[in-house]
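This report describes a structure with two chains, one after the other, and then the place where they meet. Please look through the sequence and the structure before reading on.

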Amino acid sequence: MSTATENASTVKLQAQVVESLNLVLADSYALMALTHFAHWNVEGEDFFPLHKAFQEQYENLFEAIDEIAERVRALNAYAMGGLATLAKAANMEELKAPSPQKDYVAALIVANEKVTEDALRTRELAGSANDLETQDLMIKRLQWHEKTLWMLKSYLKA
Amino acid sequence: MISQDCQSSLQPACQPSTCRWRCAIEVIDQLLSEPSIITGRDADDLLDLRWKLLNSDDAEGTLKLFCAVRRRMECRHYLAFFRIRKWLENHLLATVILSPGGDQQLVSLRLDHCCVEALRRAALCAALREGAVLDRPSLRFLYRQKSFVHTNSSQSHQASIARH
(Lines give C-alpha, C1' and ligand atoms only; values in the text may rest on other atoms or scores of the structure.)
Protein backbone atom coordinates (compact mmCIF):
# COMPACT_ATOMS: atom_id res chain seq x y z
CA MET A 1 0.00 0.00 0.00
CA SER A 2 1.37 3.46 -0.88
CA THR A 3 2.10 6.00 1.84
CA ALA A 4 -0.65 8.28 0.55
CA THR A 5 -3.21 5.47 0.77
CA GLU A 6 -1.96 4.52 4.25
CA ASN A 7 -2.32 8.13 5.38
CA ALA A 8 -5.83 8.39 3.98
CA SER A 9 -6.79 5.17 5.73
CA THR A 10 -5.35 6.36 9.06
CA VAL A 11 -7.12 9.72 8.80
CA LYS A 12 -10.42 7.94 8.06
CA LEU A 13 -9.96 5.62 11.04
CA GLN A 14 -9.14 8.54 13.33
CA ALA A 15 -12.28 10.34 12.17
CA GLN A 16 -14.30 7.23 12.99
CA VAL A 17 -12.77 7.09 16.46
CA VAL A 18 -13.71 10.73 17.08
CA GLU A 19 -17.25 10.21 15.79
CA SER A 20 -17.68 7.14 17.95
CA LEU A 21 -16.18 8.89 20.97
CA ASN A 22 -18.61 11.77 20.49
CA LEU A 23 -21.48 9.28 20.47
CA VAL A 24 -20.28 7.86 23.80
CA LEU A 25 -20.14 11.45 25.04
CA ALA A 26 -23.76 12.03 23.98
CA ASP A 27 -24.86 8.71 25.48
CA SER A 28 -23.14 9.48 28.77
CA TYR A 29 -24.70 12.95 28.92
CA ALA A 30 -28.17 11.54 28.23
CA LEU A 31 -27.68 8.77 30.77
CA MET A 32 -26.54 11.32 33.34
CA ALA A 33 -29.75 13.31 32.77
CA LEU A 34 -31.90 10.18 33.05
CA THR A 35 -30.12 9.11 36.23
CA HIS A 36 -30.49 12.58 37.72
CA PHE A 37 -34.22 12.46 36.89
CA ALA A 38 -34.53 9.07 38.59
CA HIS A 39 -32.62 10.43 41.62
CA TRP A 40 -35.11 13.28 41.97
CA ASN A 41 -38.33 11.41 41.30
CA VAL A 42 -37.91 7.92 42.71
CA GLU A 43 -40.24 7.32 45.64
CA GLY A 44 -41.45 4.47 47.81
CA GLU A 45 -40.07 1.78 50.04
CA ASP A 46 -36.47 1.84 48.74
CA PHE A 47 -36.26 5.60 48.33
CA PHE A 48 -33.09 6.14 50.37
CA PRO A 49 -30.81 3.44 48.85
CA LEU A 50 -31.99 4.18 45.29
CA HIS A 51 -31.75 7.97 45.72
CA LYS A 52 -28.17 7.54 46.98
CA ALA A 53 -27.17 4.99 44.34
CA PHE A 54 -28.50 7.18 41.53
CA GLN A 55 -26.55 10.14 42.94
CA GLU A 56 -23.30 8.16 42.93
CA GLN A 57 -23.99 7.16 39.34
CA TYR A 58 -24.70 10.61 37.93
CA GLU A 59 -21.69 12.04 39.76
CA ASN A 60 -19.45 9.45 38.14
CA LEU A 61 -21.00 10.19 34.74
CA PHE A 62 -20.44 13.93 35.20
CA GLU A 63 -16.71 13.35 35.65
CA ALA A 64 -16.59 10.84 32.79
CA ILE A 65 -18.23 13.28 30.37
CA ASP A 66 -15.45 15.79 30.98
CA GLU A 67 -12.78 13.14 30.42
CA ILE A 68 -14.40 11.91 27.19
CA ALA A 69 -14.87 15.43 25.81
CA GLU A 70 -11.26 16.31 26.66
CA ARG A 71 -10.09 13.17 24.87
CA VAL A 72 -11.96 14.34 21.76
CA ARG A 73 -10.13 17.67 22.02
CA ALA A 74 -6.81 15.89 22.52
CA LEU A 75 -7.49 14.17 19.20
CA ASN A 76 -7.64 17.62 17.64
CA ALA A 77 -11.40 17.48 17.09
CA TYR A 78 -14.35 19.26 18.66
CA ALA A 79 -16.60 17.81 21.34
CA MET A 80 -20.30 17.44 20.60
CA GLY A 81 -22.46 19.78 22.65
CA GLY A 82 -25.84 21.40 23.14
CA LEU A 83 -28.69 19.61 24.89
CA ALA A 84 -30.78 19.05 21.76
CA THR A 85 -27.80 17.77 19.75
CA LEU A 86 -26.71 15.41 22.51
CA ALA A 87 -30.24 14.09 23.06
CA LYS A 88 -30.77 13.51 19.34
CA ALA A 89 -27.47 11.68 18.99
CA ALA A 90 -28.02 9.51 22.05
CA ASN A 91 -31.62 8.67 21.06
CA MET A 92 -32.60 7.46 24.52
CA GLU A 93 -36.22 7.30 25.59
CA GLU A 94 -37.06 9.74 28.37
CA LEU A 95 -38.31 8.60 31.75
CA LYS A 96 -41.71 9.57 33.07
CA ALA A 97 -42.74 10.52 36.58
CA PRO A 98 -44.38 9.04 38.50
CA SER A 99 -43.09 5.58 37.67
CA PRO A 100 -42.62 2.49 39.82
CA GLN A 101 -39.17 2.19 41.43
CA LYS A 102 -38.41 -0.90 39.37
CA ASP A 103 -39.21 0.93 36.12
CA TYR A 104 -36.57 3.57 36.88
CA VAL A 105 -34.03 0.82 37.49
CA ALA A 106 -35.06 -1.13 34.37
CA ALA A 107 -34.93 1.99 32.19
CA LEU A 108 -31.45 2.83 33.50
CA ILE A 109 -30.33 -0.72 32.71
CA VAL A 110 -31.47 -0.27 29.11
CA ALA A 111 -29.71 3.11 28.90
CA ASN A 112 -26.48 1.73 30.42
CA GLU A 113 -26.61 -1.12 27.90
CA LYS A 114 -26.80 1.43 25.09
CA VAL A 115 -23.69 3.26 26.37
CA THR A 116 -21.92 -0.07 26.73
CA GLU A 117 -22.67 -1.07 23.12
CA ASP A 118 -21.31 2.24 21.82
CA ALA A 119 -18.27 2.19 24.13
CA LEU A 120 -17.44 -1.34 22.96
CA ARG A 121 -17.53 -0.20 19.35
CA THR A 122 -15.31 2.78 20.22
CA ARG A 123 -12.84 0.53 22.05
CA GLU A 124 -12.56 -1.69 18.96
CA LEU A 125 -12.13 1.27 16.61
CA ALA A 126 -9.48 2.81 18.86
CA GLY A 127 -7.65 -0.52 18.91
CA SER A 128 -7.69 -0.65 15.10
CA ALA A 129 -6.36 2.92 14.98
CA ASN A 130 -3.64 2.03 17.51
CA ASP A 131 -5.02 4.81 19.73
CA LEU A 132 -4.25 3.16 23.06
CA GLU A 133 -5.22 6.17 25.17
CA THR A 134 -8.77 6.23 23.81
CA GLN A 135 -8.90 2.46 24.12
CA ASP A 136 -7.81 2.74 27.76
CA LEU A 137 -10.47 5.36 28.46
CA MET A 138 -13.16 3.15 26.91
CA ILE A 139 -12.00 0.14 28.93
CA LYS A 140 -12.30 2.23 32.09
CA ARG A 141 -15.80 3.34 31.13
CA LEU A 142 -16.86 -0.19 30.20
CA GLN A 143 -15.70 -1.48 33.58
CA TRP A 144 -17.83 1.11 35.32
CA HIS A 145 -20.93 0.49 33.17
CA GLU A 146 -20.65 -3.27 33.57
CA LYS A 147 -20.40 -2.89 37.35
CA THR A 148 -23.39 -0.53 37.33
CA LEU A 149 -25.39 -2.99 35.21
CA TRP A 150 -24.59 -5.78 37.65
CA MET A 151 -25.82 -3.65 40.57
CA LEU A 152 -29.00 -2.49 38.84
CA LYS A 153 -29.84 -6.00 37.63
CA SER A 154 -29.23 -7.39 41.10
CA TYR A 155 -31.83 -4.98 42.47
CA LEU A 156 -34.44 -6.37 40.06
CA LYS A 157 -33.75 -10.02 40.93
CA ALA A 158 -36.75 -11.60 42.63
CA MET B 1 -46.85 -6.81 12.40
CA ILE B 2 -43.29 -7.28 13.62
CA SER B 3 -40.81 -5.21 11.72
CA GLN B 4 -38.25 -7.20 9.79
CA ASP B 5 -35.66 -4.71 10.96
CA CYS B 6 -36.39 -5.25 14.62
CA GLN B 7 -33.82 -7.90 15.42
CA SER B 8 -32.11 -6.26 18.35
CA SER B 9 -31.62 -3.07 20.28
CA LEU B 10 -28.57 -2.42 18.11
CA GLN B 11 -30.79 -1.58 15.15
CA PRO B 12 -31.32 2.19 15.27
CA ALA B 13 -33.64 2.05 12.27
CA CYS B 14 -36.12 -0.34 13.88
CA GLN B 15 -39.53 0.63 12.57
CA PRO B 16 -42.07 1.94 13.43
CA SER B 17 -40.81 5.12 15.04
CA THR B 18 -37.21 4.83 16.13
CA CYS B 19 -37.68 1.91 18.45
CA ARG B 20 -34.57 1.21 20.46
CA TRP B 21 -36.17 -1.54 22.46
CA ARG B 22 -35.02 -5.07 22.15
CA CYS B 23 -37.39 -7.09 20.02
CA ALA B 24 -40.04 -8.88 22.10
CA ILE B 25 -39.33 -12.19 20.36
CA GLU B 26 -35.64 -11.91 21.21
CA VAL B 27 -36.48 -11.28 24.88
CA ILE B 28 -38.84 -14.28 25.00
CA ASP B 29 -36.22 -16.49 23.34
CA GLN B 30 -33.65 -15.40 25.89
CA LEU B 31 -36.01 -16.33 28.73
CA LEU B 32 -36.78 -19.70 27.12
CA SER B 33 -33.06 -20.40 26.79
CA GLU B 34 -32.73 -20.45 30.58
CA PRO B 35 -34.56 -23.67 31.57
CA SER B 36 -33.22 -23.46 35.13
CA ILE B 37 -35.36 -20.38 35.84
CA ILE B 38 -38.36 -21.09 33.60
CA THR B 39 -40.94 -23.59 34.83
CA GLY B 40 -43.10 -25.75 32.58
CA ARG B 41 -46.09 -23.43 32.80
CA ASP B 42 -43.88 -20.37 32.25
CA ALA B 43 -42.52 -21.98 29.09
CA ASP B 44 -46.04 -22.78 27.83
CA ASP B 45 -47.19 -19.19 28.42
CA LEU B 46 -44.09 -17.71 26.78
CA LEU B 47 -44.44 -19.98 23.75
CA ASP B 48 -48.10 -18.95 23.39
CA LEU B 49 -47.11 -15.27 23.57
CA ARG B 50 -44.29 -15.83 21.10
CA TRP B 51 -46.67 -17.53 18.67
CA LYS B 52 -49.20 -14.74 19.06
CA LEU B 53 -46.58 -12.06 18.37
CA LEU B 54 -45.27 -13.84 15.30
CA ASN B 55 -48.44 -15.16 13.72
CA SER B 56 -51.41 -13.10 14.75
CA ASP B 57 -52.87 -9.82 13.56
CA ASP B 58 -55.01 -9.75 16.68
CA ALA B 59 -53.46 -6.90 18.68
CA GLU B 60 -56.12 -7.07 21.41
CA GLY B 61 -55.62 -10.81 21.79
CA THR B 62 -51.88 -10.25 22.07
CA LEU B 63 -52.43 -7.58 24.72
CA LYS B 64 -54.79 -9.85 26.68
CA LEU B 65 -52.29 -12.69 26.65
CA PHE B 66 -49.42 -10.36 27.52
CA CYS B 67 -51.37 -8.97 30.50
CA ALA B 68 -52.18 -12.48 31.76
CA VAL B 69 -48.59 -13.70 31.43
CA ARG B 70 -47.26 -10.47 32.91
CA ARG B 71 -49.49 -10.78 36.00
CA ARG B 72 -48.10 -14.25 36.62
CA MET B 73 -44.42 -13.84 35.76
CA GLU B 74 -43.40 -10.19 36.03
CA CYS B 75 -42.40 -10.34 39.69
CA ARG B 76 -39.80 -13.01 38.83
CA HIS B 77 -38.61 -11.57 35.49
CA TYR B 78 -39.12 -7.83 35.83
CA LEU B 79 -36.50 -6.68 33.33
CA ALA B 80 -37.65 -9.07 30.60
CA PHE B 81 -41.26 -7.97 30.98
CA PHE B 82 -40.19 -4.32 31.05
CA ARG B 83 -38.46 -4.82 27.69
CA ILE B 84 -41.49 -6.62 26.18
CA ARG B 85 -43.82 -3.94 27.58
CA LYS B 86 -41.78 -1.10 26.09
CA TRP B 87 -41.54 -2.90 22.77
CA LEU B 88 -45.33 -3.35 22.70
CA GLU B 89 -45.84 0.33 23.59
CA ASN B 90 -43.75 1.24 20.55
CA HIS B 91 -45.50 -1.17 18.20
CA LEU B 92 -49.16 -0.99 19.22
CA LEU B 93 -51.69 1.81 19.34
CA ALA B 94 -55.39 2.32 19.84
CA THR B 95 -57.79 3.81 17.30
CA VAL B 96 -60.60 5.67 19.02
CA ILE B 97 -63.87 7.10 17.70
CA LEU B 98 -65.55 9.03 20.50
CA SER B 99 -69.03 9.14 18.98
CA PRO B 100 -70.70 7.75 15.82
CA GLY B 101 -69.55 9.70 12.75
CA GLY B 102 -66.69 11.27 14.67
CA ASP B 103 -63.06 11.42 13.60
CA GLN B 104 -60.80 8.49 14.22
CA GLN B 105 -57.96 9.30 16.62
CA LEU B 106 -54.78 7.33 17.07
CA VAL B 107 -53.64 7.03 20.65
CA SER B 108 -50.23 5.84 21.84
CA LEU B 109 -50.41 3.18 24.52
CA ARG B 110 -48.75 3.17 27.90
CA LEU B 111 -49.00 -0.29 29.40
CA ASP B 112 -49.23 0.80 33.02
CA HIS B 113 -52.01 -1.69 33.77
CA CYS B 114 -52.12 -5.48 33.59
CA CYS B 115 -55.71 -5.61 32.33
CA VAL B 116 -56.99 -4.84 28.82
CA GLU B 117 -60.11 -3.10 30.11
CA ALA B 118 -57.97 -0.72 32.16
CA LEU B 119 -55.80 -0.06 29.10
CA ARG B 120 -58.95 0.59 27.05
CA ARG B 121 -60.17 3.09 29.63
CA ALA B 122 -56.79 4.85 29.75
CA ALA B 123 -56.74 5.11 25.93
CA LEU B 124 -60.28 6.54 25.90
CA CYS B 125 -59.30 9.13 28.53
CA ALA B 126 -56.23 10.05 26.46
CA ALA B 127 -58.42 10.59 23.39
CA LEU B 128 -60.92 12.81 25.21
CA ARG B 129 -60.31 16.49 24.56
CA GLU B 130 -61.89 19.38 26.36
CA GLY B 131 -65.53 19.67 25.33
CA ALA B 132 -65.57 16.30 23.57
CA VAL B 133 -68.66 14.14 23.94
CA LEU B 134 -68.37 10.46 24.72
CA ASP B 135 -71.27 8.69 23.01
CA ARG B 136 -71.03 4.96 22.25
CA PRO B 137 -67.28 5.21 21.70
CA SER B 138 -65.42 2.53 19.80
CA LEU B 139 -61.83 1.54 20.36
CA ARG B 140 -59.58 -0.96 18.61
CA PHE B 141 -56.01 -1.96 19.33
CA LEU B 142 -53.77 -2.24 16.28
CA TYR B 143 -50.18 -2.85 15.30
CA ARG B 144 -48.77 0.52 14.28
CA GLN B 145 -47.19 -0.61 11.05
CA LYS B 146 -50.37 -2.35 9.93
CA SER B 147 -52.50 0.73 10.54
CA PHE B 148 -50.07 2.84 8.55
CA VAL B 149 -50.12 0.36 5.67
CA HIS B 150 -53.92 0.36 5.64
CA THR B 151 -54.19 4.13 5.39
CA ASN B 152 -51.04 4.70 3.36
CA SER B 153 -50.54 8.10 5.00
CA SER B 154 -48.25 7.52 7.91
CA GLN B 155 -47.23 11.15 8.22
CA SER B 156 -50.72 12.50 8.68
CA HIS B 157 -51.50 9.68 11.10
CA GLN B 158 -48.31 10.25 13.01
CA ALA B 159 -49.29 13.88 13.39
CA SER B 160 -52.69 12.95 14.74
CA ILE B 161 -51.43 10.58 17.40
CA ALA B 162 -52.51 11.97 20.72
CA ARG B 163 -49.44 12.88 22.73
CA HIS B 164 -49.64 12.09 26.38
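## Chain A: overall build

From the N terminus on, chain A runs α-α-α-α-α. It has five helices and zero strands; here helices (H or I, at least four residues) and strands (E, at least two) are DSSP runs, numbered from the N terminus. This is a predicted model, in which local features need pLDDT of at least 70 and side-chain atom pairs count only at pLDDT 80 or more, while totals for chains, interfaces and linings use all residues. Residues are numbered from 1 along each chain as its sequence is written, and chains are lettered from A and ligands numbered from 1 in the order in which they are written.

The C-alpha trace of chain A spans about 65 × 30 × 20 Å along its principal axes. Of the 158 residues in chain A, 39% are buried. A residue is buried if 20 or more other C-beta atoms lie within 10 Å of its own, exposed if 12 or fewer, and partly exposed in between, with C-beta atoms placed from the backbone. Among contacts in chain A with a separation of 6 or more, 76% are between residues 24 or more positions apart. Two residues are in contact if their C-beta atoms, placed from the backbone, lie within 7 Å.

## Two crossing helices in chain A

Two packed helices are described by the angle between their axes and the distance between the axes. In chain A, helix H1 (residues 3-41) and helix H3 (residues 83-90) pack at an angle of about 105°, and their axes are 8 Å apart. Axes are lines fitted to C-alpha atoms, for helices over the stretch in contact, and angles run from 0 to 180 degrees between N-to-C directions. H1(A) and H3(A) are therefore roughly perpendicular to each other, since angles of 65 to 115 degrees are given that name, those under 35 count as roughly parallel, those over 145 as roughly antiparallel and the rest as oblique.

On the H1(A) side, the residues that meet H3(A) are Leu23(A), Ala26(A), Asp27(A), Tyr29(A) and Ala30(A). Their counterparts in H3(A) are Leu86(A), Ala87(A), Ala89(A) and Ala90(A). By class, this contact has eight nonpolar, no polar and one charged residues. Ala, Val, Leu, Ile, Met, Phe, Trp, Tyr, Cys and Pro count as nonpolar, Asp, Glu, Lys and Arg as charged, and the others, Gly among them, as polar.

## A residue in helix H5 of chain A

Tyr155(A) is placed in helix H5 of chain A. Is Tyr155(A) buried or partly exposed? Tyr155(A) is partly exposed, because 18 other C-beta atoms lie within 10 Å. The C-alpha atoms of Tyr155(A) and Val105(A) are 8.0 Å from each other, although the two residues are 50 residues apart along the chain.

## The sheet of chain B

Chain B has an open sheet of three strands in the order S2-S1-S3, with antiparallel pairing. Two strands pair if DSSP finds at least two bridges between them. The edge strands are S2 (104-108) and S3 (138-143) of chain B, each pairing on one side only. From one strand to the next the twist averages 30°. Helix H3 (residues 59-73) of chain B packs on the sheet and touches S1 and S3 of chain B; its direction makes about 85° with that of S3(B).

Strand S1 (residues 92-97) of chain B pairs with S3(B) over six bridges, and Leu92(B) has Tyr143(B) as its bridge partner in S3(B). S1(B) pairs with S2(B) over five bridges, where Ile97(B) stands opposite Gln104(B). The hairpin of S1(B) and S2(B) has six residues between the strands, and Gly101(B) there takes a positive phi near 85°. Val107(B), found in strand S2 of chain B, is buried, with 22 other C-beta atoms within 10 Å.

## Where the chains meet

The contact takes eleven residues from chain A and nine residues from chain B. Helix H4 (101-128) and helix H5 (132-156) of chain A each supply at least two residues of the side of chain A that touches chain B. H4(A) gives the most to that side, with six residues. The residues of this side of chain A divide into four nonpolar, one polar and six charged.
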